[in-house]
Amino acid sequence: MARLLIVDDAAFMRKLLTEMVAGKHEVCGEATTGLEAIEKYKELRPDIVTMDITMPGMQGIEAMREILTIDEEAKVLICSAIGHRQKVLEAMKNGARDFVVKPFQKEQILDAISRLV
């Protein structure tokens, strides 16, 4: 069972992810911005961070880079809309371990998490 930090500015997406992993993994925290994600990562040290790319203030890729400077072994799973293909590629080049494209199915997110555990 992995401990997850879910980072997304949309409350419904955080709720959906939490429901999808329930019983398989533990959601140890949530963040709505990149800056909040960094602070929560420092505090909680989750096994995996699910990270949206587009958020107010600090974007997901920038937050991921900061998290990787804190912990180079951090496992970041990008969860982003298909319209952000270039951003997903940029995230992968900058250290993301995997990605799933929104909208995704429960099996997709659980498989991606399993690959990272």
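Predicted model: local features only at pLDDT ≥ 70, side-chain atom pairs only at ≥ 80, totals over all residues.
**Helix H2**
- H2 covers residues 34–44, and its buried residues are Gly34, Ala37, Ile38, Tyr41 and Leu44.
- Look down the axis of H2 and those buried residues fall within an arc of 150 degrees, so they line one face of the helix.
- What do the buried residues of H2 pack against? Their partners are E1, strand E2 (26–31), E3 and H3.

**Helix H3**
- H3 runs over residues 60–70, and Gly60, Ile61, Ala63, Met64, Ile67 and Leu68 are buried in it.
- Seen down the axis of H3, these buried residues stay within an arc of 160 degrees, so they too line one face of their helix.
- That buried set packs against helix H2, strand E3 (48–51), strand E4 (76–81) and helix H4 (85–93).
- Glu62 also sits in H3, but Glu62 is partly exposed, with a relative accessible area of 39%.
- Glu62 and Leu35 are 27 residues apart in sequence, yet their C-alpha atoms are 9.3 Å apart in space.

**How H2 and H3 meet**
- The axes of the two helices, H2 and H3, come within 9 Å and cross at roughly 20 degrees.
- The crossing of H2 and H3 is right-handed.
- On the H2 side, Gly34, Ala37, Ile38, Tyr41 and Lys42 do the meeting, while H3 brings Ala63, Glu66, Ile67 and Ile70.

**Asp8 in its loop**
- Where is Asp8? You'll find Asp8 in the loop between strand E1 (3–7) and helix H1 (11–21).
- Is Asp8 buried or exposed? Asp8 has a relative accessible area of 1%, so Asp8 is buried.
- The side chains of Asp8 and Lys102 are joined by a polar contact of 2.7 Å.
- Leaving aside residues up to four places away in sequence, Asp8 touches Met13, Arg14, Ala31, Thr32, Asp52, Met55 and Lys102.

Conventions: Residues numbered from 1 in each chain as written. Heavy atoms only, no water. Buried < 20%, exposed > 50% of the residue type's maximum accessible area, 1.4 Å probe, protein only. Helix = DSSP H or I, 4+ residues; strand = E, 2+ residues; numbered from the N terminus. Arc of directions from axis to C-beta. Contact = heavy atoms within 4.5 Å. Polar contact = N/O pair within 3.5 Å; in protein donor to acceptor, adjacent residues only side chain to side chain. Axes fitted to C-alpha atoms, helices over the stretch in contact; angles between N-to-C directions. Left-handed = near helix turned anticlockwise from the far one by under 90°.
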